[in-house]
Amino acid sequence: MLENVEQIVQKIKEETNNLDDIIYRKKIIKKKKVYIIYNEPLTSSDKISDFIVRSLNHIEQEKFSTKNLFEIVENDISNFKVKKINTYQDVCLYLHKGFTIILIDGESEALALETKANISRGINAPDTESTVRGAKDAFVEDYQINLGLIKKRIKTNDLWIKSLNIGKYTATQIGVLSIHGVVKEELVNQVMKQLKQIDIYGIIDSGMIKNLIEKETKSLFPTIITTERPDVVSKALLEGKVAIVVDNSPYVLIIPGVLNDFFKTMEDMYGKGSNVTFTRILKFLSFIIALFTPAVYIALITYNQEMIPTDLLANFATQRDGVPFPAFFEGFIMIISFEILRESDLRVPSFSGSALSIVGALILGEAAVNAGIVSPIMIIIIAITAISSLPFTEYELINALRWYRILFMLGAAFLGIVGVFAVAIFFFIRMCTLESFGKPYLMPFAPTIFSSLKNSIVKFPIKSLKKRQPYLSDNRIKERSKSK
Amino acid sequence: MKKLKLLILTMGIFLITGCYNYRELTQIALTSAIGIDKSENGEYVVSIQVLNTQKQGGDSSSSGDMTKFILYTSRGKTLQHALRTTIFNSPRRLYLNHMSLLLISERVAKEGIEDLLDYFARNAEFRKQFLVVVSRDSDPSDVMQVVTPLEALNAQNIVDSIIADAKYYGMTSKITYEDMLKNYLNPRTNIILPSVKYLGNAKKGEKEGNVKQSEPDASIEIQPMAIFKDEKLVGYLTDEESRGLSYIQNNINNSILTCNCNHDGVFTLEMVLNKTKLKADLKHQKIQIHINAKSNIKEINCDLDLLDPNTITEIEKMANHHLEKMIQDLIENILNNYETDIFGFEELLYKTDPNTYHKLQKQYGEELLENFDFEVTANITVQAKGNIIKEITR
């Protein structure tokens with residue numbers, strides 16, 4: 001295949017339309033043509049000139065028969081990562097990965113030498129999942145660095161990685177990480193099967209993988225955790241979950257992700273049980289507030305006034321006086337304007353962001369009340385709802401909440417508190433039927449797993465958390481080194 | 001496709017049944033109290049107190065010079081007719097769920113309140129937890145238009161006064177419509193209701209200015225209990241009798257008891273931790289009322305030497321005697337003059353021994369209780385003498 005060097009070089013040149021970035025250096029060693037080919041933007045020219053070219057020069061001066069030039073080069077080249085390749089496709093693949101290819105005339109194999117340039121940013125603190133206490137490193141866009149951040153934390157032979165490339169044009173490297181002996185093998189197989197079925201032109205980010213392998217596509221709630229924290233990934237692996245690292249993406253996927261996982265932060269592992277329990281209760285409360293508050297308010301003031309204490313109702317009535325819109329419409333306007341505000345806040349450059357929030361939140365709200373378009377109480381309701389959806393780090397969860405919030409409001413607008421309950425029944429049925437890679441979405445609450453309830457809303461001291469969830473691992477006892 | 005059809009059908013359900021009972025807060029008039037009177041020609045005259053929920057121009061926070069409530073009056077052959085035709089005067093429909101007070105005029109109460117009980121029980125718009133009060137010697141509309149200090153909402157003012165009185169004095173007790181209905185439907189009990197009275201100048205009292213002076217021109221006063229026989233008002237108790245009634249019904253939470261000394265002068269005890277036990281003996285036709293109470297000495301206006309331990313026993317004895325006599329007199333007065341069992345003694349007899357009760361009732365009929373002996377014993381313990389021991393003298 002690769003015997004005719006000139007022909008191959010010609011072929012590459014043709015296919016790349018004589019791309020200037022690909023450098024071909026011809027060298028004659030012992031009357032044999034040797035080509036050094038590399039992709040300039042992806043490679044480090046220092047490495048090439050220091051090690052490869054110099055080694056070849058050195059080899060040139062040694063005495064040996066030309067017959068085993070290939071073996072000599074393979075053995076003597078001063079590069080650690082040497083791969084033998086024997087197809088034209090591999091030559092191109094490694095070329096685009098940043099390897100340097102050495103083609104020797106008349107040999108059926110070629111050598112690919114790792115000379116990648118360091119085109120990645122350094123490790124920074126996480127942007128989206130900040131903690132007060134805990135590790136401050138976050139994943140970057142480089143596959144190897146990301147793996148390194150995880151492997152640094154888990155030092156065992158049992159950390160198994162199955163890798164594959166996906167995407168016709170991008171050939172993105174994907175790694176599926178799991179701890180052998182802890183994870184249920186069928187989960188890994190299932191994930192691998194899903195990944196292998198993907199047939200796509202390219203993968204740009206792990207978010208695409210997430211959408212491609214997620215089974216519950218109709219569900220609004222996320223069933224896969226995305227995180228940029230290596231410690232979260234390490235923790236998940238130890239529990240028997242599977243992580244997917246995608247090249248060029250600073251977000252790693254964790255499978256499976258159930259509702260309770262989105263209420264936990266890494267900090268929970270470090271805090272005292274009682275304090276963590278308090279924060280978790282707060283989070284569950286804010287989950288409920290974020291879902292129900294506008295709906296319940298609308299239901300109460302348009303249908304079920306008898307449920308409000310008289311003084312409060314008089315207060316509401318005074319505030320509503322003069323507002324020309326029905327309560328549902330009033331709430332809907334506010335919710336939509338808040339969502340627009342949030343979206344624009346995310347997109348504008350940070351230097352004008354704060355000005356926007358001030359205009360949006362303060363001036364618009366105040367003016368709307370003074371103009372009599374909305375009542376002050378509605379501003380309070382929307383504000384508390386908006387605040388309550390923010391303690392969650394998972395963006396998908398916040399977005400899911402807002403759909404359901406509007407659905408609940410519709411129920412309230414048509415049928416009052418009965419409507420809210422009707423939608424709530426639908427909501428809970430939906431949540432109960434949801435699964436994340438075969439794992440019930442509401443575990444450990446439904447089905448109830450008592451040992452796992454110790455780390456759900458309440459958190460017991462870390463010493464008493466001895467068992468893994470039966471859905472995640474067959475090896476349920478968290479073994480310690482001393483007990484071996 | 002099937003799912004889409006299902007979805008459309010589901011949405012249809014919402015649309016068909018949707019918005020039933022829908023009412024915006026700006027469409028309803030929050031009613032806080034209703035007063036019922038009758039005109040000369042037998043028509044109901046209904047006064048309706050509605051919360052004023054109009055916003056002040058511009059500033060939303062202060063309630064400013066606006067009146068807290070509005071009083072509507074309307075007439076009709078029936079209560080429903082009168083209530084619904086309030087709409088002639090008001091732009092909004094009455095919302096009756098939050099009503100906290102029903103004021104019945106003396107005239108209506110004397111004529112009988114059975115129709116009224118029926119109306120409020122039948123009508124789903126009412127909650128059954130509002131208080132019922134008789135307006136004594138005054139028109140309900142007069143009582144309801146007084147602008148009261150501290151609690152600007154007149155109805156809430158009356159309700160709070162009655163609750164406070166029941167808690168700290170014990171003259172009245174909090175009787176909701178539901179309680180009243182229960183008492184009426186039970187043949188062995190009778191209705192009692194607290195009463196209120198209007199004091200002062202009617203025309204001035206309805207102005208906001210009424211509360212802008214330290215001594216208002218008009219005010220509302222809580223009065224002792226009104227007693228009913230069957231559906232009709234038969235009379236009022238005095239303050240002392242009213243409290244006696246509360247003692248018998250074990251309704252005293254905290255009260256004061258002023259008794260005469262053996263010599264001249266009076267002293268006052270604060271009664272705390274009262275417990276009344278009733279015991280019926282149908283065989284010997286005897287009802288025992290035993291009051292156990294703890295008290296603190298609050299005031300002594302007579303010559304008593306508190307350093308002497310015997311004085312405490314003496315005080316206890318005097319107080320016991322006073323209380324026993326108070327209750328004995330009350331029972332005698334009610335049974336002889338009004339012939340109505342407001343205490344619930346018949347219910348007690350029935351609960352103790354239904355068979356004998358029925359037998360006795362056949363035998364005596366209406367005069368059943370008059371054949372019973374009442375044995376009142378009080379056991380008041382003085383537990384504290386206050387901060388000083390000796391009387392302050394020079």
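# Chains A and B, in conversation

Biologist: What percentage of the 484 residues in chain A is buried?

Modeller: This is a predicted model, in which local features need pLDDT of at least 70 and side-chain atom pairs count only at pLDDT 80 or more, while totals for chains, interfaces and linings use all residues. Residues are numbered from 1 along each chain as its sequence is written, and chains are lettered from A and ligands numbered from 1 in the order in which they are written. A residue is buried if 20 or more other C-beta atoms, placed from the backbone, lie within 10 Å of its own, exposed if 12 or fewer do, and partly exposed in between. For the 484 residues of chain A, the buried part comes to 35%.

Biologist: Thanks! What is the radius of gyration of chain A?

Modeller: The C-alpha trace of chain A spans about 105 × 60 × 35 Å along its principal axes. The radius of gyration is taken over C-alpha atoms, and the globule rule is 2.2 Å times the number of residues to the power 0.38. A compact globule of 484 residues would come out near 23 Å, but chain A has 30 Å.

Biologist: And its domains: how far apart are the centres of domain 2 and domain 3 of chain A?

Modeller: Domain bounds come from an automatic or database domain assignment, and chain A is divided into domain 1 (5-114), domain 2 (143-257) and domain 3 (273-440). Two residues are in contact if their C-beta atoms, placed from the backbone, lie within 7 Å; 11 residues of domain 2 of chain A are in contact with 11 residues of domain 3 of chain A. Taken over C-alpha atoms, the centres of domain 2 and domain 3 of chain A are separated by 34 Å.

Biologist: Which residue of S2(A) is the bridge partner of Ile28(A)?

Modeller: Strands (E, at least two residues) and helices (H or I, at least four) are DSSP runs numbered from the N terminus, and two strands pair if DSSP finds at least two bridges between them. Strand S1 (residues 22-29) and strand S2 (residues 32-39) of chain A pair in the antiparallel sense over eight bridges. Their hairpin has two residues between the strands, and Lys30(A) takes a positive phi near 50° there. Across this pair, Ile28(A) is bridged to Lys33(A).

Biologist: There is a hairpin of S6(A) and S7(A) too; which residue in its turn has a positive phi?

Modeller: Strand S6 (residues 159-166) and strand S7 (residues 172-179) of chain A pair in the antiparallel sense over eight bridges. One of the bridge pairs joins Ile161(A) to Leu177(A). Five residues lie between the two strands, and the turn residue with a positive phi, about 110°, is Gly167(A).

Biologist: Is Ala361(A) buried, partly exposed or exposed?

Modeller: Ala361(A) is found in helix H12 (residues 350-370) of chain A. With 17 other C-beta atoms within 10 Å, Ala361(A) is partly exposed.

Biologist: Over to chain B: which strand gives the most to the side of domain 1 that touches domain 2?

Modeller: Chain B is divided into domain 1 (28-53 + 67-236) and domain 2 (241-384), and 19 residues of domain 1 of chain B are in contact with 19 residues of domain 2 of chain B. On the domain 1 side, helix H6 (154-168), strand S8 (218-229) and strand S9 (232-236) of chain B each supply at least two residues. The most, five residues, come from S8(B).

Biologist: Last one: how many residues are charged on the side of chain B that touches chain A?

Modeller: The contact takes 21 residues from chain B and 21 residues from chain A. Ala, Val, Leu, Ile, Met, Phe, Trp, Tyr, Cys and Pro count as nonpolar, Asp, Glu, Lys and Arg as charged, and the others, Gly among them, as polar. On the chain B side there are seven nonpolar and 10 polar residues, and the charged ones number four.
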